[in-house]
Amino acid sequence: MLLVIAAFIVAFVLLLYMISPLISPKPFKLNGAHVVVTGGSSGIGKSIAMECYRQGAFITLVARDETKLVLAKKEVEKCAINDKQVVLCISVDVSSDYGQVESVIKQAQEKLGPVDMLVNCAGTSIAGNPCLTRPSESLQMEMKPYNIYVTVAYPPDTDTPGFVEENKTKPLETRLISETAAVCQPDQVAKIFVKDTVQGNFNSSVGPDGYMLSALTCGMSPVTSITEGLQQIVTMGLFRTIALFYLCSFDSIVRRCMIQRERAKAADKRE
Ligand SMILES: NC(=O)c1ccc[n+]([C@@H]2O[C@H](COP(=O)([O-])OP(=O)(O)OC[C@H]3O[C@@H](n4cnc5c(N)ncnc54)[C@H](OP(=O)(O)O)[C@@H]3O)[C@@H](O)[C@H]2O)c1
């Protein structure tokens with residue numbers, strides 16, 4: 001009897017795997033598409049722009065510093081695969097007034113056509129201000145009827161000018177915890193994000209740690225294939241167990257830093 005149930009479950013899972021590609025969104029073609037990359041003049045955003053250009057896209061780079069934009073444009077242009085491709089640069093602060101951002105996006109659309117893909121990569125990370133928000137699930141739900149897909153990318157520590165800046169303000173605890181994982185190259189990260197985006201995946205992560213974290217925090221996030229949902233169901237317990245070991249090791253790092261700081265304070269007082 002048990003054998004029959006097991007065989008039934010295996011057959012059911014295999015069936016789901018087989019029909020999964022039929023109900024997943026069709027991969028989006030970057031060739032000829034207009035891709036707008038905010039934060040496209042540096043780091044991960046620039047690498048994403050280069051990766052999309054290698055696949056035949058037209059690019060609009062958005063950032064504040066015009067000199068950096070011009071230098072980035074030259075780098076992106078080196079990745080051209082045909083002579084029709086264009087890189088447009090727009091200097092604007094995306095955190096400023098909404099009307100200004102809307103107007104520059106309209107300008108980009110007039111020149112290169114409707115935006116097919118928007119990569120929101122503009123930003124700076126300042127350590128010491130933990131804040132977790134997940135507005136993207138509801139955004140994905142609202143956009144789905146219009147056949148628009150949202151991909152939330154979780155960059156690992158990536159070797160960019162922004163990362164170098166962030167390291168200057170990181171508390172010791174955060175730095176030591178970060179150092180337990182390897183630092184990735186922006187081109188490697190960009191390749192994965194672009195691949196997941198064109199496939200319409202909601203989550204995009206890099207490496208086994210990234211995969212584990214995105215599976216553990218999936219919550220109510222949508223899935224774009226049955227395979228993805230099955231993987232989350234099967235791996236959740238195992239990943240939670242592994243995460244508990246990670247948490248123990250992070251707690252011990254934080255405790256060691258605290259003891260070190262208290263000893264330093266005591267030594268200061270004695271002097
Ligand atoms: N690198 C990592 O390890 C890592 C890890 C996790 C998350 N992230 C996040 O990923 C994003 C990109 O990081 P990165 O390391 O590639 O950073 P980066 O090398 O510093 O690049 C940031 C880009 O955003 C632009 N930018 C910043 N503020 C802007 C604004 N208000 N308006 C328009 N453009 C703006 C910058 O150009 P201008 O300064 O000229 O405007 C630049 O092009 C950031 O949000 C960062 O927090 C990075």
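Guide: Cysteine 248 counts as exposed, at 52% relative accessibility, where exposed means over 50%, buried under 20% and partly exposed in between (1.4 Å probe, protein chains only). This is a predicted model, in which local features need pLDDT of at least 70 and side-chain atom pairs count only at pLDDT 80 or more, while totals for chains, interfaces and linings use all residues. Residues are numbered from 1 along each chain as its sequence is written, and side-chain values use heavy atoms, with hydrogens and water left out.

Visitor: How many disulfides does a search of the whole structure find?
Guide: A disulfide is taken as a pair of cysteine sulfur atoms within 2.5 Å. For cysteine 248 the nearest cysteine sulfur, that of cysteine 257, is 16 Å away, and cysteine 248 is in no disulfide. Over the whole structure, the number of disulfides found is 0.

Visitor: Is cysteine 218 buried or exposed?
Guide: The relative accessible area of cysteine 218 is 7%. Because buried means under 20%, cysteine 218 is buried.

Visitor: How many aromatic pairs are there?
Guide: Rings of Phe, Tyr and Trp (its six-membered ring) pair if their centres lie within 6.5 Å, with planes under 30 degrees apart counted as stacked, over 60 as edge-to-face and the rest as tilted. By this rule, the number of aromatic pairs is 2.

Visitor: Which residue forms an aromatic pair with tyrosine 211?
Guide: The pair is edge-to-face, at 5.8 Å centre to centre and 90 degrees between the planes.
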